Amino acid sequence: MEALSGSGANWSERSVILETYMASNPFAIYSMIISRGMGAALAVYFSARTAKVPSGSARRRIKPFTWGHRIALVMDLARHTKWSV
């Protein structure tokens, strides 16, 4: 267990310990991947359920493109081009 502690630990000893553990517990890596995937799926589910999405009433509050907007757009285009109004 001394090979796992400290920053000066021998990497070859660490890999031997890991290989021994994986040989004796082959399901360990698969259970880690499955639990990681389930956690990610739950995070996506809850973030999607709690996200604030505008309702239809919020979309209706957007002002339509009226004649006043069109006239202002034409005047603005005329100011930046060769047109004269």
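Trainee: Is Tyr45 buried, partly exposed or exposed?

Mentor: Buried means under 20% relative accessible area, exposed over 50%, and partly exposed in between (1.4 Å probe, protein chains only). Tyr45 has a relative accessible area of 44%, so Tyr45 is partly exposed. Please note that this is a predicted model, in which local features need pLDDT of at least 70 and side-chain atom pairs count only at pLDDT 80 or more, while totals for chains, interfaces and linings use all residues. Residues are numbered from 1 along each chain as its sequence is written, and side-chain values use heavy atoms, with hydrogens and water left out.

Trainee: How is the aromatic pair arranged?

Mentor: Rings of Phe, Tyr and Trp (its six-membered ring) pair if their centres lie within 6.5 Å; planes under 30 degrees apart count as stacked, over 60 as edge-to-face and the rest as tilted. The structure holds one such pair. The ring centres of Tyr45 and Phe46 are 5.3 Å apart and the planes stand at 70°, so the arrangement is edge-to-face.

Trainee: Which residue lies over the face of Trp11?

Mentor: A charge sits over a ring if NZ of Lys or CZ of Arg is within 6 Å of the ring centre and within 35 degrees of the ring normal. Here Arg14 lies over the face of Trp11, 4.4 Å from the ring centre.

Trainee: How many helices and strands does the protein chain have?

Mentor: Helices (H or I, at least four residues) and strands (E, at least two) are DSSP runs, numbered from the N terminus. The protein chain has four helices and zero strands. Met38 belongs to helix H2 (residues 27-50), and Met38 is exposed, at 55% relative accessible area.
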